[in-house]
Amino acid sequence: MSSQNPLWQNLFQHKKDRTSEVTDMWMSTPLFNKITKRECRDLVKTMHPRHYKKGELVFNSGDIGASIVLIRSGSIEIKAIDKLLAELVAGDFFGEIALIIDEPRTADAIACEDSELIFFLRSDLEEWVKRSPKSGAQFMLNIATVLAARLRHTNILLSLQNN
Amino acid sequence: MIQTLIQHPLSKTLFIFSLICTAIALLAVLLAPLLLPIIISFTLYALLEPISEIFERHGLSRNTSSLSVLLILVAIGGIGFSLILPNLTAQLSSLQAQLPVVWQTITTMGNNFSQHVVASLGLEMQSNGLTQHFFNQANDWGKTALVEGSNILISLSILLILVPIFTFFLIRDFRNFRNSLLDKLPNSSFEMGWLIYYRVAHQLQGYIRGIMIQSGIMSIITTIGFYSIGIESPFLLGLVAGVLNLIPYVGPLLATVLPILLALGHVPIDLWLVGAAISVILIAQIIDNIIVIPAVIANAVNLHPLVVIIGIIIFGNLFGFIGMVVAIPVISTMNIIYYGLHQGIKTRYDLKIKSKASA
């Protein structure tokens, strides 16, 4: 009934706004583990949504990186030396190394289709850490956990390749 | 050939850099009457932003914390002015009254020296006219400085109204304004733009906070020093020494002029006081170089001393005292923007070349 009648749908079905939707996406990642939804929502308001056309380059390996990126819609290919490393979809995030160190990007990221990406910049992170040191410390711990898990995964892959 | 030259990272960087410089210069020209309150407000923003962050950390909204910071600023400013202004005015009047005596003493000294040279060496120096000209010139400068001083007082009243308003809006809205401005960058240069902004803001904030603390410490040290040796207007001289310390290298030299002139104004000339006045500045400089600069400024700006001196001279020549004060942060900002742009453009260019070669 509701799907056939948009009027009723709009009246009784709560439609999520962009901030709430992005907040939920971030909250479902391990990065916001043990961080309150309210704080995540405040942080999302400072993030930077950007739109990419199909085939557009998000960043190149060697580019200066300054942010972690969440895919709100669309999909992104991660490549290194023309080898496909991963294809990420809505809700996935990438580029987290740039949030920690001021080093060039290590892979290419290309939009596979029209995509909306949410950039969380290092400068925004630092401002947030100053405002909320406890949550900031928790976020850093979460990032360390994610990076450690990725390192472990890479080590396993390498050892499997060697064997 | 021309195509290669246009595509070259250096020419591309120089082109974008020139565009940015032109935009900044145009903005500076358009905002010329408001430039001083804007510079002071940005300085206060850099100093007060951490306080606003503390309030926000304790749960206050951005609006409330900005308003609280503004109230603190007005309260401190009000108390400071009510305490300092009467003392400062009295010392300024005393200095004004003493200036003719100082010139007279220096003129007498010059004449005595000239006579001594004639008597002992038999040389006619023809220096009377020159000395007279020099002291007339100095007297004119003194008078101009006093007229300028009264103009400054009028400008100060305007500043007292504008600066708190600008500072409040900067603390409250600067982040949003900056975000909306930088979000207008194209996708390809979005991150590079943010990174350059971040580096500039980080370095400028460090420099401004450092130099203001340094200036305050220098004011306190020299005021105590001048008070201890018994020179007139110690508070005013300390304040001038602190403000002049905002100009690297040149400022400390300028800061010695007024105390030496005042020490020379004593009849008979008190050489001990002259030496003591110079010593106060020297000791303050030693403390500044050994303790204060490494602790509070460190590597806030990484510029070659020659670049700093030439920059101060050029900016001073173009924009006066304010130019000398802002020379270092402006040059440092330009330096970061140029190298940030070059790094980003060169990386893209190298990748393009590499992908062409592999294809």
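Domain bounds here come from an automatic or database domain assignment. For chain B, that assignment gives domain 1 (39–174) and domain 2 (185–350). Keep in mind that this is a predicted model, where local features need pLDDT of at least 70, side-chain atom pairs count only at pLDDT 80 or more, and totals for chains, interfaces and linings use all residues. Residues are numbered from 1 along each chain as its sequence is written, with chains lettered from A and ligands numbered from 1 in the order in which they are written.

Let's start inside chain B. Between its two domains, 16 residues of domain 1 are in contact with 17 residues of domain 2, contact being C-beta atoms, placed from the backbone, within 7 Å. On the domain 1 side, helix 3 (35–57) and helix 4 (62–121) of chain B each supply at least two residues; helices (H or I, at least four residues) and strands (E, at least two) are DSSP runs, numbered from the N terminus. Helix 4 of chain B gives the most to that side, with 12 residues.

Now for the two chains: 18 residues of chain A are in contact with 15 residues of chain B. Strand 1 (48–52) and helix 4 (122–131) of chain A each supply at least two residues of chain A's side, and helix 4 of chain A gives the most, with 4 residues.

Chain A also has an open sheet of 4 strands, in the order 2-7-4-5 with antiparallel pairing; strands pair if DSSP finds at least two bridges between them. At the edges sit strand 2 (57–59) and strand 5 (83–89) of chain A, each pairing on one side only. Strand 2 of chain A is joined to strand 7 (residues 108–111) of chain A by 2 bridges, and Leu57(A) has Ile110(A) as its bridge partner in strand 7 of chain A.
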